[in-house]
Amino acid sequence: MADEDDDYSEHMETSVPYDVIACIIFAFMSSCLFFPNNDYIPLDRRTASCIAGTLCYVTRNFFFPNNKMNVKEAVDFDVLLLLAAIMCINYIVVNQKETLSVVEYVQHQIRDKPRNGFWLVAFSAFCASPFLTNDGVCLLFVEPILNAFSEIVDDDDKKKGKQEEEVEFNGGEDFKLHKQDALYFLLGLACSSNIGSALTYTGNPQVILYILQQIQRSVSPSHKTYVSHCFVILDGAGYVT
């Protein structure tokens, strides 16, 4: 056990009380992630994450000393530094004049030609996410998508007299957008950005963790091998999108 304490290991023997408490903490964290600020647990994701992390540390260090947590070894500081660097690059790229022009063009396409706008959002997110990460792309495109739908007036709003004239966004196409249609654009954005981010080692935090684990195990897969392993998943995800 002494050697396992020195080198942080994911494999260790646990007891039933330990597993029960771990499951309770996991259930608490999961509920707050999926349903933040709900009626039963009025906590946001950040606060819940801090509480769950503290509970994990306290229970393993004071209640189960045989499974004591080595915080220094458990936290992957290389990943944190890499993500911080990527976020800095994202901030610089997002605030460039050319990037803002592309975002504005996408917003106009959504208003004027919804079909083309939908595929443009999906394709742009797919192409940009391997380099700007999936989170960065989502943050970049969510605002223009919502802005494109902000001026749309539904029938219920017209009846209430909120606006006398309706702003139509159909671009000569055979259908008219409604405010609730923004959900489909956001889903397409999320799916496409996640699919595209899996094409590179640094496009997704989960991929970064996976690659670093392989390197630590003296297994350094080539990018060709990595993409070939993910091809089936990426193809299926693209079909669903």
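Predicted model: local features only at pLDDT ≥ 70, side-chain atom pairs only at ≥ 80, totals over all residues.
Residues are numbered from 1 along each chain as its sequence is written, and side-chain values use heavy atoms, without hydrogens and water. Local features require a pLDDT of at least 70 and side-chain atom pairs count only at pLDDT 80 or more, whereas totals for chains, interfaces and linings use all residues.

The secondary structure of the protein consists of 12 helices and 0 strands, where helices (H or I, at least four residues) and strands (E, at least two) are DSSP runs numbered from the N terminus. The order of elements from the N terminus is accordingly α-α-α-α-α-α-α-α-α-α-α-α. The protein has 241 residues, of which 30% count as buried; buried denotes under 20% relative accessible area, exposed over 50%, and partly exposed the range in between (1.4 Å probe, protein chains only). Among contacts (heavy atoms within 4.5 Å) with a separation of 6 or more, 66% join residues 24 or more positions apart.

Helix H2 spans residues 16–34, 19 residues in total. The distance from its first C-alpha to its last is 27 Å, close to the 27 Å expected at 1.5 Å a residue; the expected span is 1.5 Å times one less than the number of residues. Tyr-18, Ile-25, Phe-28, Met-29, Ser-30 and Cys-32 are the buried residues of H2. The cover over these buried residues includes helix H3 (45–63).

Ala-125 is buried, at a relative accessible area of 0%. Apart from residues up to four places away in sequence, Ala-125 touches Val-137, Leu-189, Ser-192 and Ser-193. Its C-alpha atom lies 7.8 Å from that of Cys-138, 13 residues apart along the chain. Asn-116, by contrast, is partly exposed, with 41% relative accessibility. The C-alpha atoms of Asn-116 and Val-106, 10 residues apart along the chain, are 9.4 Å from each other.

With a disulfide defined as a pair of cysteine sulfur atoms within 2.5 Å, the count is 0. Cys-56 is partly exposed at 29% relative accessibility, while Cys-88 is exposed, with a relative accessible area of 51%.
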